[in-house]
Amino acid sequence: MLSNIKIVLVETSHPGNIGAVARAMKNMNLKDLVLVAPKQFPCADATARASGADDILSSALVCDSLQEAVADCSIVVGTSARCRTISWPELTPRECADLLKTEALDHKAAIVFGREHSGLKNHELDLCRYLLRIPCNKDFSSLNLAAAVQVVSYELFVASGQDYEVTAGDKGKGLLATAAQMEAFYEHMIEALSDIGFMHPDKSKSVMRRLRRIYNRARLESKEVDLLRGILRMSQGNKKKG
């Protein structure tokens, strides 16, 4: 799916924005960047802002016109933050991704982003089958070019169903404690709280009911229960020594 989708930038004014778009694309595993009459490219500013997405820049195709850029595409989606006098079928980024996850399997598709300050012109939107608008603050609806590409690219990545690399922190996620482990923990807690003089027989049921609610909300992992029971044992030991 993603290999059939190209991101098209029309007359980008600032080369740094091209680099930032390349970075956003690489984050979401998009590789096909097309530039229509960029003001300045290639440029060191673009490379610096790409932050390692140099391969996207080096393989970018530069075209003289939008017609040339989308000539091989069966589906062309134009982006805009402004309402238009003539209405186009409109999509949100998520709706666009849902459409392309089936259509882009067998057909080339392009998502077109206009100039930083003025967007796409009407004659350029005439080449588009759909109009994509990103829902946002109606009083401040103009997104930075790279930010807009990032939002759309993220939805495409999610719709593609690709796995993402698990970080070291995620790999450390442990198994939740079993019901039997939790009951043993609560019994140990009653014993420890009694040993240190916190638990009063006439209030033990209501106190434990509240403590159960606290720990049940926490969804403790097995290792976390072991840690808490170690603290309880240490508390009991220090009380006996005292």
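**Exercise 1. Decide whether Ser 80 is buried or exposed, and find what Ser 80 touches.**

Step 1. Ser 80 has a relative accessibility of 10%, so this residue counts as buried. The classes are: buried under 20% relative accessible area, exposed over 50%, partly exposed in between, with a 1.4 Å probe and protein chains only.

Step 2. Ser 80 sits in the loop between strand 4 (75-79) and strand 5. Helices (H or I, at least four residues) and strands (E, at least two) are DSSP runs, numbered from the N terminus.

Step 3. With neighbours within four places in sequence set aside, Ser 80 is in contact with Leu 131, Leu 132 and Arg 133. Contact means heavy atoms within 4.5 Å.

A note on the model: it is predicted, and local features need pLDDT of at least 70, side-chain atom pairs count only at pLDDT 80 or more, while totals for chains, interfaces and linings use all residues. Residues are numbered from 1 along each chain as its sequence is written, and side-chain values use heavy atoms, with hydrogens and water left out.

**Exercise 2. Give the strand order of the sheet and state which strands stand at its edges.**

Step 1. The open sheet has seven strands in the order 3-2-1-6-4-7-5, and the pairing is parallel. Two strands pair if DSSP finds at least two bridges between them.

Step 2. The edges are strand 3 and strand 5 (90-91); each has a single partner strand, so one side of each lacks a neighbour in the sheet.

Step 3. Strand 1 (residues 5-10) pairs with strand 2 over five bridges, with Lys 6 opposite Asp 32. From strand 1 the chain passes through helix 1 (residues 15-27) to strand 2, a right-handed β-α-β crossover. Right-handed means that, with the strands pointing away from the viewer, the path from the first strand over the helix to the second runs clockwise.

Step 4. Five bridges also join strand 1 to strand 6, where Ile 111 is the bridge partner of Ile 7.

Step 5. Strand 2 (residues 32-36) has four of its five residues buried. Strand 2 pairs with strand 3 (residues 61-63) over three bridges, and Val 36 stands opposite Cys 63.

**Exercise 3. Check the length of helix 9 and locate its buried face.**

Step 1. Helix 9 (residues 179-195) has 17 residues; at 1.5 Å a residue it should span 24 Å, and its end C-alpha atoms are 24 Å apart, which agrees. The expected span is 1.5 Å times one less than the number of residues.

Step 2. The buried residues are Met 182, Phe 185, Tyr 186, His 188, Met 189, Ala 192 and Leu 193. Down the axis of helix 9, they fall within an arc of 170 degrees, so they line one face. The arc is that of the directions from the helix axis to the C-beta atoms.

Step 3. The face turned away from the buried side carries the exposed residues Ala 180 and Glu 187.
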